[in-house]
Amino acid sequence: MRNQSKKIRQRGVVIGQLPVGKKNCITDVADVKVGHVTLDYSLGEGEYACTGVTAILPHGGNLFQQKVVGASYVLNGFGKTTGLVQVEELGLIESPIMLTNTFAVPAVTQGALEYMLEGNSEIGDTTGTINLVVGECNDSRLNSIRKLPIEPKHAVECIQKASTAVAAEGAVGAGKGMICFGYKGGIGSSSRLVGDYTMGCLVLSNFGRKEEFQSAHYKVEEQNDVPTFPKPADGSIMIVLATDAPLSSRQLKRVAKRCGIGLGRTGSHFSNGSGDVVIAFSTANKVAHFAEESIETRIQLRDDHPIMNDLFQGATEVTEEAILNSLSQAITTEGRRGNIAHAYPFE
């Protein structure tokens, strides 16, 4: 099994011009946490659990009581998510952002709900309900997705494990069974310092054919004797973008659109059957669930300030590098019916 736990920069590939954060991870944005639960075991008769759950917590406090400004942007909508309708309407995120496989969205939603209800007795009783955000990619080439191995308890465990440490990448958590450009993909992360602000990105990569990958652009050499997965699907990608820059929901959406540029630079053309979705949030302004005042005050950047262009550039660079890190950190993985996704064969 090829194990290649290296960031793409450790292989000599430098993406963009902006400086990278200390951890080169979404957790460079202060107080953002990431947790993984990975399922990797036989289900018998050639079936295999090769899947998982990943949680991104915008901060370490009570997310329902102290919401963050959020937005989403759909590059291509062939995907299944929960919660984005309300995020679009209100511009707030009040739960962990959960990633998993397509058929596990209901179970992960239930688990996240159970976790949030446990910590907030007023939800659905003395106050309104809660909006849970869950995204997915299809890992059925390696994972026995019809067996529904993920249970609500795995979502709860994932949230409880979340920390501000450097997030594990590659074939972990929701990325365990994902394939990118015909090779093993999954979780990738990166960060940028943009003036006085920090921007981080975490992706769940599961898209593309070998011929589409812009390997020549990155000047990475590969060993031609390592096969790609024989029938790559259109695939998908979930992109989670975090920043401490004080942005409104509208401004966040503008920044989130630029993640598509980073995705396109790697070789994706947002194919017909691809669910390409960006979920973005800013930690700069916490919005209290309970407040007696009819007016609230928030600080936000001016749209015409030059820093906005820098944030656009940051979103592009950080997405591109996170995708490459998902390839660079992955290991060769065997799943259902003996299917194998090989790690990208870097020389």
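**Close-up views of a predicted model**

View 1. In β2, Val53 is the bridge partner of Val37. The model is a predicted one, in which local features need pLDDT of at least 70 and side-chain atom pairs count only at pLDDT 80 or more, while totals for chains, interfaces and linings use all residues. Residues are numbered from 1 along each chain as its sequence is written, and side-chain values use heavy atoms, with hydrogens and water left out. Strand β1 (residues 33-44) and strand β2 (residues 47-57) run antiparallel and are joined by eleven bridges; helices (H or I, at least four residues) and strands (E, at least two) are DSSP runs numbered from the N terminus, and two strands pair if DSSP finds at least two bridges between them. The two strands form a hairpin with two residues between them, and Glu45 in the turn has a positive phi of about 55°.

View 2. Strand β9 runs antiparallel to β10 (residues 197-207), to which nine bridges join it, and Arg192 stands opposite Met199 in β10. Axes here are lines fitted to C-alpha atoms, for helices over the stretch in contact (heavy atoms within 4.5 Å), and angles run from 0 to 180 degrees between N-to-C directions.

**View 3. Lys286 in strand β12.** Lys286, found in strand β12, is partly exposed, with a relative accessible area of 41%; buried means under 20% relative accessible area, exposed over 50%, and partly exposed in between (1.4 Å probe, protein chains only). Leaving aside neighbours within four places in sequence, Lys286 is in contact with His59, Gln66, Lys67 and Val68. A polar atom of the Lys286 side chain lies 2.9 Å from the backbone oxygen of Thr283.

**View 4. Aromatic pairs around Phe213.** Rings of Phe, Tyr and Trp (its six-membered ring) pair if their centres lie within 6.5 Å, planes under 30 degrees apart counting as stacked, over 60 as edge-to-face and the rest as tilted; by this rule the count comes to six aromatic pairs. The rings of Phe181 and Phe213 have their centres 4.9 Å apart and their planes at 35°, so this pair is tilted. The pair links distant parts of the chain, 32 residues apart, with Phe181 in the loop between β7 (179-180) and β8 (183-184) and Phe213 in the loop between β10 and α4 (215-218). Phe213 counts as buried at 8% relative accessibility, and Tyr344 is buried with a relative accessible area of 1%. Ring pairs link Phe181, Tyr183, Phe207, Phe213, Tyr218, Tyr344 and Phe346 into a cluster.

Conventions: Polar contact = N/O pair within 3.5 Å; in protein donor to acceptor, adjacent residues only side chain to side chain.
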